[in-house]
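Please read the report below alongside the sequence and the coordinates.

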Amino acid sequence: MLKDITLGQYFPGETVIHKLDPRTKILVMLAYIVVTFCVKNFYGYIALAAFIVVCVALSKIPPIFVIKGLRPIMVFIIITALFNLFLTSGTVVWQFGVLKITYEGIRFAVFMVLRLTFLILGTSLLTLTTSPISLTDGMETLLSPFAKIGLPAHELSMMMSIALRFIPTLMEETDKIMKAQAARGADFDSGNILSRAKAMIPILIPLFISAFRRADELATAMECRCYGVTENRTSLHELKFQKRDMGATIVFLVLTAVVIAINFIPSK
Amino acid sequence: MIKLENVSYTYMKGGPFEKKALDNINLEIGKGEFVGLIGHTGSGKSTLIQLLNGLIKPDCGRIMIDGTDITDKNTKMRDIRFKVGLVMQYPEYQLFEETVLKDISFGPSNMGLDNDEVKHRAEFAANLVGLPKELLSKSPFDLSGGQKRRVAIAGVLAMEPKVLILDEPTAGLDPAGRDEILFKIKDMHERMGLTVILVSHSMEDVAKLADRILVMNKGNKEMFDTPENIFRNSERLTEIGLNVPQVTKIVDELRRRGMPLKEGVYTINDALYCIKKALSKGEELC
């Protein structure tokens, strides 16, 4: 059932990028974030752009889906750019009253925009190519060494997978309840804020009731199957590093090396 | 009363999970008809009934309700929803008010009627579905499953729709509750001249109640005919994951073994009559 619902923004596929071990992808992503902030001149971004373009091409995801990931933070990017543009001190290029643009400001603004863009493009590539379930699997194994110092790695990832698992169910439920109330003439999108908030009551009450009911049923079902009885649970899907994971890591290390090397090229 | 012309509907159009739910449906349902709607899971039944009261809009085609084109942008959807009452699957999960009476009143008060009229309609609807008066002041969450279901149906009936659509109204009820709800529906259909569309997985129920049966298969209209003509095609029905009433199976088997019985028998009374006739014609059996 879960397969038929778009969750988050996962775009199913069978490509190399999809098949990579989630741990590889998470670690490479973390390192990639660091690398984006290490870039010191524009040539570095050309290398990053090449990396992203190759990844997107390999994953066979329509580029428009990747670019769509930028939309929600567009405002944030623009505000950051404006702040950098107007509030950096240095050689003044243009001035109008209190507003002034400096050469350094332009440089910072462009850098900030590029950094954030690459950050989002990269992370959305991770969530586009990795199903939420394997993402939590990956996180669990990555966090498991910390279990020794008392971090409940398994419980955390279980909570996360349950939460993720129930997003589509609750969305479906909300849709059903909204339709049922609309069929009884409920009007959700007219009137002022107060009357709109009031119109939510016929949706929220049944939704909460059903969420509690489902949570209760799930707890019973888990207990019926002896969840939590054994100390060391084994997993149906063992994660295994494969050749392609090695390949991906090498490609990424090369990219890192290139970026660092480029940093030494003096930019004007 | 209801007319569909070349109606198609696709879920998640353009996305990675695109799914065609209805493919070029043409259909006409007359005033006061009782239509049974059957089809296996995912055949497009639920999509079809949601189209009929404007909860979803078709990709193309026209839907006429009582002479109004509901696919037209200027049609007020709420007016259509008051005219076409839809009881969704497991409708008891939509209850939310403090008391049963208030919950039943939700629909009619959305219509902008005055309080007396709303109360009158709610009490009338509660009576129709057989809810005793003392339950009306209780919380709907304290009722039994069957009673909750009746409250939900009453909530739609209180809007006094001209067409009543029910999506598996008896799913999950015990046999007594099931028979009672079906009897009430049939009763209302006869007494008030309501046009009824009943979605059901029970061939027996549809056979017993419907004037005509609409069979859906993979988003297409497979058959739309009288029960007699529908249940003649037991082979085709089995092929598309459906069934025929048990009594039809018995009669078909008897015919296969050489008894001269007609095709498309779907009620016990009819079967009894046919078998008796066939027996009396043949040699005397003791």
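The report takes up a hairpin and the domains of chain A, and then a helix of chain B.

This is a predicted model, in which local features need pLDDT of at least 70 and side-chain atom pairs count only at pLDDT 80 or more, while totals for chains, interfaces and linings use all residues. Residues are numbered from 1 along each chain as its sequence is written, and side-chain values use heavy atoms, with hydrogens and water left out.

In chain A, strand 1 (residues 92-96) and strand 2 (residues 99-102) run antiparallel and are joined by four bridges; strands are DSSP runs (E, at least two residues), helices likewise (H or I, at least four), numbered from the N terminus, and two strands pair if DSSP finds at least two bridges between them. A:Trp94 has A:Ile101 of strand 2 as its bridge partner. The two strands form a hairpin with two residues between them, and A:Gly97 in the turn has a positive phi of about 60°. Of the five residues of strand 1 of chain A the number buried is zero, so the strand lies largely in the open; buried means under 20% relative accessible area, exposed over 50%, and partly exposed in between (1.4 Å probe, protein chains only).

Domain bounds come from an automatic or database domain assignment; the C-alpha centres of the two domains tabulated here lie 35 Å apart.

| Domain of chain A | Residues |
|---|---|
| Domain 1 | 2-130 + 240-263 |
| Domain 2 | 154-224 |

In helix 6 of chain B, the buried residues are B:Gly177, B:Ile181, B:Leu182, B:Ile185, B:Met188 and B:His189. Seen down the helix axis, these buried residues fall within an arc of 130°, so they line one face of helix 6 of chain B; the arc is that of the directions from the axis to the C-beta atoms. On the other side of this helix, B:Pro175, B:Ala176, B:Phe183, B:Glu190 and B:Arg191 are exposed.

Note on methods: Chains are lettered from A and ligands numbered from 1 in the order in which they are written.
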